[in-house]
Amino acid sequence: MSEQPTYKKKDFVSDQEVRWCPGCGDYAILSSVQLALTKLGRKKEEFVFVSGIGCSSRFPYYMNTYGLHTIHGRAPALASGIKTQNPDLSVWIITGDGDGLSIGGNHLIHVVRRNLDVNILLFNNEIYGLTKGQYSPTSNQGLVTKSTPQGSIDRPFQPAPLLLGARSSFYARTLDTDPKHMQQMFTRSYNHKGTSFVEIFQNCVIFNDKIHEQFTNRASRDDTTIRVEHGQPMIFGKEKNKGIILKDVKPEVVTIGENGVTEADLLVHDETNPFIANLLAHANDFGLPVPYGVLYCAKDEACYEEGVHSQINAVIDKKGKGDMKKLLFSGETITVD
Amino acid sequence: MQELDSVIVRFAGDSGDGMQLAGTQFSNTSAIMGNDISTFPDFPAEIRAPRGTEAGVSGFQVHIGAKEIHTPGDAPYILVAMNPAAFKVNLKDLEQGGILIANTDEFTDKNLEKLDMTGTVLDSPMVEPYKVVRAAITSQTVEALKELDLDNKSKERCKNFYALGLIYYMLHREIDPTLKWIREKFAGKDTLIQANETALKAGFNFGDTIEESVSRFKIPAAKIQPGTYKQINGNTATAWGFIQAAQTSGRELFLGSYPITPASDILHELSKRKDFNVKTFQAEDEIAGICTSIGAAFSGALAITSTSGPGMALKGEAMGLAMMYELPLVIINVQRGGPSTGLPTKTEQSDLMQAFYGRNGESPVAIVAASRPADCFHMAYEASRLALEHMTPVILLTDGYIANGAEPWRLPDLDKDYSTINTTVVKDGDYNDKEFLAYERNAETYARPWALPGTPGLEHRLGGLEKKSGTGNISYDPANHEAMCFERRDKILKMQNSIPELELEGEDSGDVLVVSWGGTYGAVTQAVSKLQKEGKKISLAHLRYINPFPKNFESTLKNFKKILVPELNLGQLVNIMNAEFRCDAHGINKVQGLPFKISELVEAFNKELN
């Protein structure tokens, strides 16, 4: 307790050369994670980064912590084993839209359902990068890629409603162009007890460049996104004069000062309210700006690994520690002289 | 009264008739009375197939003896047929002159017609070779329970105890152990206790009243090696072997698993053992089962995953990952009839090739196989020891036959025989004067250090990409890749130094060497020993360590004129041996979802001896 470790960013930088494409959004995410970790007051050796396969999944090699680069889609399963076996570790799952939502979709929903106390960072660039540019489960319909020359006909996943449907107890969204916000979200995710899911809009400069451009460039971003904060009214727009209200059980975009609307009429974000979280998760369907920030943060839900260890402790408290000899000689035995 | 040195009883009925329970009670009682025993449950994959159909027949065969018993036996001497379907399916197996106990209540015209038989079947030439005991088991049970406040259906459900009581009378069994079991099982439900006890006694008394027409036999206690014995099945023994390995090595046991027949009982058993700090994780699928275990191994657990053939197929990629990580992991495959979904409740040995080669790339893992139910304890312990000491995945092969079969187990001296497993766990202080290299190999075993997350200064990354020898960093260098393939292969070969040499049963040279592996041991050893007594020059090499093979295996093969390899597959070990040793071994193969009979092996061996 006494020794609060103090770290600099370089303490979390491994000796391996980073091999993402120049201009890749992953660099900014890596840097933000490394910076966020310096401020958590947690010992370096207690961090474990676990990834699947894909560009984002090279991440653990670049972190000077414990780490596993696993197989495609399975990071949540390995992470579940790491955390269940040793709850004292801070476990981070690094995944992408292909790794997490396609081949690893099953593990993703189940780790979230169990609510292990782990952090999931999903780099969403809406494309397969490492296999050189096929459409992913988050690609928009119509996207022309090598495997969809006439345009993708797949309906994309919306990660937020999917994950909330799987009972995610924490959901945040951030952008690779906003390092300060990323660090805030990573810190929030670390502090949340339970599975924390952070979706990061990440740009693939080679195969899907500028896919999130409308949410990131100065000219449009204030009108296309809304930064939600707990307890704050939902205001956005360049002039900070637009907002979201609830009318007839539907959200609606309004302009403050028009039709008698005042700031007091706006919906106030309550990140513990699953109704609001789901409303924000479906922003696209309601024609709302894309929300970023903490969409949902459930209050104190039990974590899987705590349950595992408390059951064990309860049995040992009641029966005492197991004794193999006693077990062997328990029940019916016969002795032959 | 006749004294027998062994007898085989088969209980057969509908899958809802409680035959597994009757068989288990009979074998437990016999074990308590000092007999050696071996059991073989044989049940359909459906939980409740349509009543009265051949598909729904569930059987439980028990072989008890006043001598050493190695198998559940070839042909039953007593067959209990609770209905005509059980009669139809099982009669052909009954020994000539054996006893058929038929539940006449079920032999109605209607039931028989459904099975293309007629009302006179119990008087037909079909049953002439046997002694038939007619017993109105269902109606007599209901009659005996008429005073009890239970509905008719519940009364009928006690008929397995009535049948059991009759067998207890005929074979001079004590009824107390079963009475005790009934009281414990139905504690708090007095009517059910009374009902089952009454049914058991009624069956016993029925035997007594028809004494004239029913033979009674005595099977004295077996003269077996002194010690304390406990009746155990293979899956329980497997689970306990892992717990012992965890206790010995000081690592906590972690099982990641997905339910699958016939392996699920390992998950059930370990889930009960929380007092041993065992963690069980019922995963969302087979892949997550092994992946959670690999994660737990990284965290420092003795990590295992249990499954059967189809699950092995799904776990293949992750096994390759564990092999690349060089982390300890035991994968248990309780083999069942394949391919695909195959025969889930039947036994087979057809996953050996899969264990050897079922992964992409050059991906060697260690393979061991248990030979009988109680041996599962030893081989689970050994699989763990090898995984931990050599830092590698180990596949433990058992099968449905030994997993569900039970036998008395001479309880081992844990302090003497199961007390040392070393791990390669390293601490931060170990590297004060040298650099930590994640893939620095122990010169003798090629095992790498096991540095657990949480240890300061030993932070490292593992991955499935090829790694540089020593450091473990990513390397695409062609020569390094080849060198690493050799290192991983040699690591498995070096295990030969820590596994026992093969011991032959019989002379170390001769006409025929039988090479078997895994769960066929009981039948094979009996067949070989029978021929040895006849003066034949035949010996047995039974393998429990399969990859690597014991050091002296190849040289042993050279001392025999012929090599025969009986397997419950179309020829897997035999092909591996011929590829590896060019030894011209011949396969004796059976793929019926059933174990070998001793008689069929004797015949097959004899053919080659003459």
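This text walks through the fold and the chain contact of a two-chain model. The model is predicted: local features need pLDDT of at least 70, side-chain atom pairs count only at pLDDT 80 or more, and totals for chains, interfaces and linings use all residues. Residues are numbered from 1 along each chain as its sequence is written, chains are lettered from A and ligands numbered from 1 in the order in which they are written, and side-chain values use heavy atoms, with hydrogens and water left out.

Start with the contact between the chains. Chain B gives 67 residues to it and chain A gives 58. Contact means heavy atoms within 4.5 Å. The two chains bury about 5300 Å² between them, and 62% of that is on carbon and sulfur atoms. Buried area is the accessible area (1.4 Å probe) that two parts lose on being put together, summed over both. On the chain B side, Asp275(B), Glu284(B) and Arg461(B) supply 13% of the area that chain B buries against chain A, more than any other three residues.

A sheet also takes strands from both chains. Strands of a sheet pair through backbone hydrogen bonds, either parallel or antiparallel. Here nine strands form an open sheet with mixed pairing, in the order 9(A)-13(A)-7(A)-8(A)-4(A)-3(A)-1(A)-2(A)-19(B). Strand 9 (225–228) of chain A and strand 19 (461–463) of chain B stand at the edges; each has a single partner strand, so one side of each is left without a neighbour in the sheet. Neighbouring strands are turned by 20 degrees against each other on average, direction ignored. Two strands pair if DSSP finds at least two bridges between them. Helices (H or I, at least four residues) and strands (E, at least two) are DSSP runs, numbered from the N terminus.

Look inside this sheet. Strand 3 (residues 90–96) and strand 4 (residues 119–124) of chain A pair in the parallel sense over five bridges. Thr95(A) has Leu122(A) in strand 4 of chain A as its bridge partner. Helix 9 (residues 274–281) of chain A packs on the sheet and touches strand 9 and strand 13 (290–297) of chain A; its direction makes about 155 degrees with that of strand 13 of chain A. Axes are lines fitted to C-alpha atoms, for helices over the stretch in contact, and angles run from 0 to 180 degrees between N-to-C directions. Helix 12 (residues 309–325) of chain B lies across strand 2 (66–69) of chain A together with strand 19 of chain B, and runs at about 140 degrees to strand 19 of chain B.

Chain B has a further sheet. Four strands of chain B form an open sheet in the order 21-20-23-24, with parallel pairing. Strand 21 (538–543) and strand 24 (586–589) of chain B are the edge strands, each pairing on one side only. The twist averages 25 degrees from one strand to the next. Four bridges join strand 20 (residues 510–517) of chain B to strand 23 (residues 560–567) of chain B. Val514(B) stands opposite Leu564(B) in strand 23 of chain B. Helix 18 (residues 521–533) of chain B packs on the sheet, touching strand 20, strand 21 and strand 23 of chain B, at about 165 degrees to the direction of strand 21 of chain B. Helix 21 (residues 598–609) of chain B lies across strand 20, strand 21, strand 23 and strand 24 of chain B, at about 155 degrees to strand 23 of chain B.

Now a helix pair in chain A. The axes of helix 1 (residues 26–38) and helix 6 (residues 179–191) of chain A come within 9 Å and cross at roughly 50 degrees. Helix 1 and helix 6 of chain A are therefore oblique to each other. Angles under 35 degrees count as roughly parallel, over 145 as roughly antiparallel, 65 to 115 as roughly perpendicular and the rest as oblique. Among the residues that meet are Ile29(A) and Val33(A) in helix 1 of chain A and Met182(A) and Phe186(A) in helix 6 of chain A.

A cis peptide bond joins Thr261(B) and Pro262(B), with omega about 0 degrees. Pro262(B) sits in the loop between strand 10 (253–257) and helix 10 (264–271) of chain B. Another cis peptide bond joins Asn547(B) and Pro548(B), with omega about 0 degrees. In chain A, phi of Asn259(A) is near 50 degrees, a positive value in a residue other than glycine. Asn259(A) lies in the loop between strand 12 (250–255) and helix 9 of chain A.
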